[in-house]
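Subject: Handover of a structure

Dear colleague,

I am passing on to you the structure shown below. Please look through it first; my findings follow after it.

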Amino acid sequence: MSKVLIIGAGGVGGVVAHKCAGAPEVFREICMASRTLAKCERIRDQLPRSIDIARVDADNPAEVVALIKTHRPRLVMNMALPYQDLSIMEACLATGVDYLDTANYEPPDEARFCYKWQWDYHEQFKELGLMALLGCGFDPGVTNVFCAYALKHHFDEIHHVDIMDCNAGDHGHPFATNFNPEINIREITQRGRYWENGQWHETEPLSEHKTFDFPGIGPREMYLLYHEELESLVKHLPGLKRIRFWMTFGQEYLTHLRVLQNVGMTRIDPVDYEGNKIVPLKFLKTVLPEPSSLGENYHGKTNIGCMLEGIKDGRPRKVYIYNICDHAECYREVKAQAVSYTTGVPAMIGGMLMLTGVWRGQGVFNVEQFDPDPFMEQLNQCGLPWVEQVLV
Ligand SMILES: NC(=O)c1ccc[n+]([C@@H]2O[C@H](COP(=O)([O-])OP(=O)(O)OC[C@H]3O[C@@H](n4cnc5c(N)ncnc54)[C@H](OP(=O)(O)O)[C@@H]3O)[C@@H](O)[C@H]2O)c1
């Protein structure tokens, strides 16, 4: 029975608030804080029970410290942007509160995400007996748990992992991103990266692609990307020989993206505009639809899962574990599209397991470091049922 502070009132934050509000036996009290108070008000007005709301600029650790001291949560769930990860972790250390997020830190002026900045806090969290859980969305998050579950129940060693993320939904806009446009476009315009035989290999952005027949959806073209869970899984899966991440994109999306890149609208360095400095990608974000606004007319499904190959009792084994999620059903339940839903539900489950002491540690952790079974059980109960197929 605990109070939780949710920072960030966007698409994902809204889902977390809905799901925590639906589990009062764990999340006794909820405070939601974000940069724009009106967004907290909009979410608060949709919920079945009352919550506190507040305005905060989470780039400023002093503001987060003051907010935590006022509301006294046991756990801070960071559903704002990766830029705020370190300032919120600092505030948690200063106030003695646990921390959870869904995306690893990246510096605003450099499109480079990696866990080092947050893993470096391990000793400080450990010394204070606090816990930080990183990357507890779907990918990263559930995909890491799928790997831990496969290792526990199906394999002696996992050798190959392909994480495959397909969104076959249609939101009716010519171009929109399913989570924060700035973070999303920074991620997919980077060079591709995968790990094989002990080394990282780089590819030109979106140059490697192949077709996969996604259950419940059908064949889709998927593109190799670098994604943050590769970094932690390489560290935590013994015997791994190769791990890659794939995401599907439609031709319409790719054409828009190419044009935006070609005309300079995805640049993250400031340019002079009529005497003011503006960052083109930040400006682009302001004219694109907000992820939290996409849900109403969204239809179709997502399928995200892991194809795993390795050995069990000296024999080859291949297992596919995935979840299918329906945009319209998510909207009916929590007024959000499936990408926000598939991120927010695992964040709520991670928070629940931390607050109930089922997942407990002192320091900074990734989700694959804990027992996957209680998390897998909660996925089935909380709206993200999964399927496992033993193929070999
Ligand atoms: N692991 C996964 O599977 C996964 C998948 C999708 C997304 N994500 C992550 O989830 C996070 C949220 O995504 P989203 O789609 O919900 O984005 P979003 O709709 O843009 O929401 C972000 C929210 O954070 C708030 N915010 C931004 N800067 C802030 C600051 N300095 N102080 C306080 N609040 C601030 C924003 O406020 P304003 O609106 O006022 O700017 C907005 O309400 C992102 O970090 C994204 O990378 C993870």
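The expected span of a helix is 1.5 Å times one less than its number of residues. Helix α7, covering residues 142-153, can be compared with that value: its 12 residues reach 16 Å from the first C-alpha to the last, close to the 16 Å expected. Please note that the model is a predicted one.

Helix α7 is also largely enclosed by the rest of the structure, because 10 of its 12 residues are buried. The buried residues of α7 are Val142, Thr143, Asn144, Val145, Phe146, Cys147, Ala148, Tyr149, Ala150 and Leu151.

Domains

The chain is divided into domain 1, residues 2-134, and domain 2, residues 142-337. Between the C-alpha centres of domain 1 and domain 2 there is a separation of 23 Å. Where the domains meet, 16 residues of domain 1 are in contact with 14 residues of domain 2. The side of domain 1 that touches domain 2 consists of nine nonpolar residues, six polar residues and one charged residue.

Nonpolar core

The largest nonpolar core comprises 112 residues, and Ala132 and Cys147 have the most contacts inside it. Helix α13 gives the most to this core, namely 11 residues. Where does the core lie in relation to domain 1 and domain 2? Both domains give residues to the core, so it lies between them.

Ala132 deserves a separate word. Leaving aside neighbours within four places in sequence, Ala132 is in contact with Met89, Asp98, Tyr99, Tyr121, Phe125, Val364 and Phe365. Cys147, named with Ala132 for its contacts inside the core, is one of the buried residues of α7.

Ligand surroundings

The ligand is surrounded by 36 residues, of which the closest are Gly10, Thr36, Ala58, Gly137 and Phe179. By class, this shell holds 16 nonpolar, 14 polar and six charged residues. Domain 1 and domain 2 each provide at least three residues of the shell. Among the helices, α1 (11-21) and α13 (338-355) each supply at least two residues to the shell.

Thr36 is placed in the loop between β2 (27-34) and α2 (37-44). Is Thr36 buried or exposed? Thr36 counts as exposed, because it has 11 C-beta neighbours inside 10 Å, and a residue with 12 or fewer is classed as exposed. The C-alpha atom of Thr36 is separated by 7.9 Å from that of Ala9, 27 residues away along the chain.

Ala58 sits in the loop between β3 (52-55) and α3 (61-71). Ala58 counts as buried, because it has 23 C-beta neighbours inside 10 Å, and the threshold for a buried residue is 20 or more. Leaving aside neighbours within four places in sequence, Ala58 is in contact with Ile7, Val64, Ala80, Gln84, Ser87 and Ile88. From the C-alpha atom of Ala58 to that of Leu86, 28 residues apart along the chain, the separation is 9.6 Å.

A lysine in α1

Lys19 has its place in helix α1. With 23 C-beta neighbours inside 10 Å, Lys19 counts as buried. Leaving aside neighbours within four places in sequence, Lys19 is in contact with Gly344, Val345, Met348 and Cys382. The C-alpha atoms of Lys19 and Glu388 are separated by 25 Å, and these residues are 369 apart along the chain.

With kind regards

Technical notes. Residues are numbered from 1 along each chain as its sequence is written. This is a predicted model: local features need pLDDT of at least 70, side-chain atom pairs count only at pLDDT 80 or more; totals for chains, interfaces and linings use all residues. Domain bounds come from an automatic or database domain assignment. Two residues are in contact if their C-beta atoms, placed from the backbone, lie within 7 Å. Ala, Val, Leu, Ile, Met, Phe, Trp, Tyr, Cys and Pro count as nonpolar, Asp, Glu, Lys and Arg as charged, and the others, Gly among them, as polar. A residue is near a molecule or strand if its C-beta atom, placed from the backbone, lies within 6 Å of it. Helices (H or I, at least four residues) and strands (E, at least two) are DSSP runs, numbered from the N terminus. A nonpolar core is a set of buried Ala, Val, Leu, Ile, Met, Phe, Trp, Tyr and Cys residues joined through C-beta atoms within 7 Å.
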